[in-house]
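This briefing concerns one protein model and is intended for a reader with the coordinates at hand. The points are grouped by topic.

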Amino acid sequence: MSNTTLPTMADLQVGVQIGQAEVRWTSDGAVLYALGVGAGQTDPGRELAFTTNNSTVAQRVLPTYGAALANAYSVPALIEHLGKRVDPTGILHAEQCHRQFKELSAEGRAYATSTLTSIWDKGSAAVIGTETDLVDDAGELLCRSQFSMFFRGAGGWGGERGPSVSKSGLHEPAPDRQLVVATRPDQPLLYRLSGDPNPLHTDPVVAQQAGFPGPIMHGMSVYGIAGRILLNELAGGDPARFDSLFARFASVVTPGEELQISIWLESEGSARFAVDDSSGKRVLSDGAFTHSR
């Protein structure tokens, strides 16, 4: 009989590198991402820098595309690293923070390095965080993408519980700005082509098996929508002025739902935000956006 013991969550160590890979993107891929987060949706003549690569407007790249590129690599790397410790079908996105240090070119390549940054035992779930750096050929850091994920059913091994999440939305002041943004019923069909083909977002049978009435929006699509709107509203639509975007994923969004983005201006170049659906349900909470002047 083998005495081999299966690895447990207690075996995981913060600071361990979980993988390295070359990441490539094309100008078409950058355009497809922009369409997947709603660019040009209400007025095709606007945001042409993000939605075209053959017009009189020079192509530019939405900064949050860097987060999509990083996550398309780092999420599978994390699941592979965790192995049989978790059920991949029990994943929920908890938080996302993306920092840009150098504007992405319309097409290019970078080298991704992902590291395990946190492991918390929430009892019924594990919350695990990673950090992924994208570095260009010259060795310059392009962006750093950090996320944490809930792994349902993977908690209870006696590890540290970690920090508590604040009760967002209680007694918050009236926002300085509020914007209503429509999503499209077919938006997940576009966004899935930017590196997240999970059928939960496109297949009604899979969505119902997961306990939802139908497919739900990609959380990173909602995150990208918020980032695009904030960039346009507060930073003149200039990707070079983007610094960072943080949000917690509070609830799911049904494709076709209207979103309300509330913005609270703080110091120069800094704002808090939240995103609610048309029923008033909070879907992104504790948002923070920073940009240069």
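The notes below cover aromatic pairs, a helix, strand pairing and the surroundings of one glutamine.

The model is predicted. Its aromatic pairs number four. One of them brings together Tyr223 in helix α6 and Phe249 in strand β7. Strand β2 pairs with β5 through nine bridges and with β7 through five.

**Aromatic pairs**

- The ring centres of Tyr223 and Phe249 are 6.3 Å apart, and the ring planes meet at 35°.
- Planes under 30 degrees apart would count as stacked and over 60 as edge-to-face, so the angle of 35° makes this pair tilted.
- The two residues are 26 apart in the chain, and their pairing links distant parts of it.
- Tyr223 has a relative accessibility of 1%, which is why it counts as buried.
- Phe249 has a relative accessible area of 17%; because the cut-off for burial is under 20%, this residue is buried as well.
- A cluster is formed by Tyr33, Tyr65 and Tyr191, which are linked by ring pairs.

**Helix α6**

- Helix α6 covers residues 219-234.

**Strand pairing**

- Strand β2 comprises residues 91-100 and strand β5 residues 141-152; the two run antiparallel and are joined by nine bridges.
- Within this pairing, Gln100 has Cys143 of β5 as its bridge partner.
- Strand β7, residues 242-249, pairs with β2 in the antiparallel sense over five bridges.
- Here His98 has Leu245 of β7 as its bridge partner.
- In a regular strand, side chains alternate between the two faces of the sheet.

- Gln100 belongs to strand β2.
- Its relative accessibility is 7%, and Gln100 therefore counts as buried.
- A polar atom of the Gln100 side chain lies 2.8 Å from the backbone oxygen of Pro239.
- Leaving aside residues up to four places away in sequence, Gln100 touches Pro63, Leu142, Cys143, Pro239, Ala240, Phe242 and Asp243.
- Among these contacts, Cys143 is also the bridge partner of Gln100 in β5, and Pro239 also supplies the backbone oxygen at 2.8 Å.

How values were computed. Residues numbered from 1 in each chain as written. Predicted model: local features only at pLDDT ≥ 70, side-chain atom pairs only at ≥ 80, totals over all residues. Heavy atoms only, no water. Phe/Tyr/Trp six-rings, centres within 6.5 Å; stacked < 30°, edge-to-face > 60°. Helix = DSSP H or I, 4+ residues; strand = E, 2+ residues; numbered from the N terminus. Buried < 20%, exposed > 50% of the residue type's maximum accessible area, 1.4 Å probe, protein only. Pairing = 2+ DSSP bridges. Polar contact = N/O pair within 3.5 Å; in protein donor to acceptor, adjacent residues only side chain to side chain. Contact = heavy atoms within 4.5 Å.
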